[in-house]
Amino acid sequence: MHEISLCQAIIDTANKQLKNLPNAVVVSLHLSIGALVPVDLDSLLFCFPLVAKESQFSQAKLVITTVAANSFCKNCLKYFAIQQRGSSCPNCEGYHYQVLNGEEFLLKSIEIQ
Ligand SMILES: [Zn+2]
C-alpha cells in the first residue's frame with residue numbers, strides 16, 4: 001500500500017533529524033501536504049501508528065496541513081487554486097496554466113519530549 005511507504009518515508013526523514021536525540025519521544029510530526037499530492041490522508045493517519053509501532057514514533061501524532069495548489073493561468077492572467085490535476089481554469093475554462101505549488105510533501109517540524 002502506497003500510504004505505508006509514505007509513512008516509512010516520514011519516519012526515515014524524521015530519524016535523520018533526530019539522529020542526535022535517539023532517546024527522544026516524539027509527540028507529533030507536522031506535515032505540509034500539497035493538494036495535488038496523490039495521497040489518501042485518512043489512510044495515512046490510519047497506517048502511521050502501524051508503521052511507527054515499537055519505535056520512538058509510536059506515540060507520535062501526525063498533524064497535517066493541506067496546502068492549496070496555486071496556479072497561474074497564462075490565458076486570462078489570473079491566479080487560482082486548483083483542486084485536482086487536469087481541471088481547467090475556473091475563469092476562462094482553459095488549460096494553459098502553470099501549477100505553482102501543491103505538490104509538496106514536507107516534514108515541517110517535529111515535536112519531542
Ligand atoms: Zn484562465
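## Core, sheet and overall shape

In the largest nonpolar core, which has 14 residues, Cys7 and Ile10 touch the most other members; such a core is a set of buried Ala, Val, Leu, Ile, Met, Phe, Trp, Tyr and Cys residues joined through C-beta atoms within 7 Å, and buried is said of a residue with 20 or more other C-beta atoms within 10 Å of its own, the C-beta atoms being placed from the backbone. Two or more residues of this core come from each of α1 (2–17), β1 (26–34) and α2 (41–52), where helices (H or I, at least four residues) and strands (E, at least two) are DSSP runs numbered from the N terminus.

The model is predicted: local features need pLDDT of at least 70 and side-chain atom pairs count only at pLDDT 80 or more, while totals for chains, interfaces and linings use all residues. Residues are numbered from 1 along each chain as its sequence is written.

From the N terminus on, the elements of the protein chain run α-β-α-β-β-β-β-β. The chain is more spread out than a compact globule, because its radius of gyration, taken over C-alpha atoms, is 17 Å, well over the 13 Å that the globule rule gives for 113 residues; that rule is 2.2 Å times the number of residues to the power 0.38.

Three strands form an open antiparallel sheet in the order β4-β3-β5, where strands pair if DSSP finds at least two bridges between them. Four bridges join β3 to β4, and asparagine 70 stands opposite alanine 81 in β4.

| Strand | Residues |
|---|---|
| β3 | residues 69–73 |
| β4 | residues 79–82 |
| β5 | residues 97–99 |

How values were computed:
Buried ≥ 20, exposed ≤ 12 C-beta atoms within 10 Å, placed from the backbone.
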